[in-house]
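Please examine the sequence and the structure shown below before reading on.

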Amino acid sequence: MQPSREELGQAFKAGFQSIDEGNTFYAGFNSYLESIGYRKREDIPCTCPDSGEHGHLPECRWVKM
């Protein structure tokens, strides 16, 4: 199961807040998704809608098992 639009919206908000706090976007984005039970899986295929043809999205390979 992949993050919903609402969950991704909150993850992006956390990422931008992280920047405001002097950290990286991914520190906040990743922390938020982890806090709601998602894990980034490098051992699975790309989960981007275009299979990564135009680069990977921040939510690529984040799944809840």
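## Packing of two helices

Helix α1 (residues 5-20) and helix α2 (residues 25-35) pack with their axes 6 Å apart, at an angle of about 140°. Helices are DSSP runs (H or I, at least four residues), numbered from the N terminus; axes are lines fitted to C-alpha atoms over the stretch in contact, and angles run from 0 to 180 degrees between N-to-C directions. The model is predicted: local features need pLDDT of at least 70, side-chain atom pairs count only at pLDDT 80 or more, and totals for chains, interfaces and linings use all residues. Residues are numbered from 1 along each chain as its sequence is written, and side-chain values use heavy atoms, with hydrogens and water left out.

The contact (heavy atoms within 4.5 Å) is made by residues including Leu8, Ala11 and Phe12 of α1 and Phe25, Phe29 and Leu33 of α2. By class, the contact of α1 with α2 has 11 nonpolar, four polar and one charged residues. Here Ala, Val, Leu, Ile, Met, Phe, Trp, Tyr, Cys and Pro count as nonpolar, Asp, Glu, Lys and Arg as charged, and the others, Gly among them, as polar. Ala11 touches Phe29, Tyr32 and Leu33, not counting residues up to four places away in sequence.

The largest nonpolar core has seven residues: Leu8, Ala11, Phe25, Phe29, Leu33, Tyr38 and Trp62. Such a core is a set of buried Ala, Val, Leu, Ile, Met, Phe, Trp, Tyr and Cys residues joined through side-chain atoms within 4.5 Å. The largest share of this core, three residues, comes from α2.

A search of the whole structure finds seven aromatic pairs, which are rings of Phe, Tyr and Trp (its six-membered ring) with centres within 6.5 Å; planes under 30 degrees apart count as stacked, over 60 as edge-to-face and the rest as tilted. Phe12 and Phe29 form an edge-to-face pair, 5.1 Å centre to centre, with 75° between the planes. Phe12 lies in helix α1 and Phe29 in helix α2, so this pair ties together parts that are 17 residues apart in sequence.

| Residue | Relative accessible area | Class |
|---|---|---|
| Phe12 | 27% | partly exposed |
| Phe29 | 0% | buried |
| Ser4 | 26% | partly exposed |

Ser4 lies in the segment before α1.

Note on methods
Buried means under 20% relative accessible area, exposed over 50%, partly exposed in between (1.4 Å probe, protein chains only).
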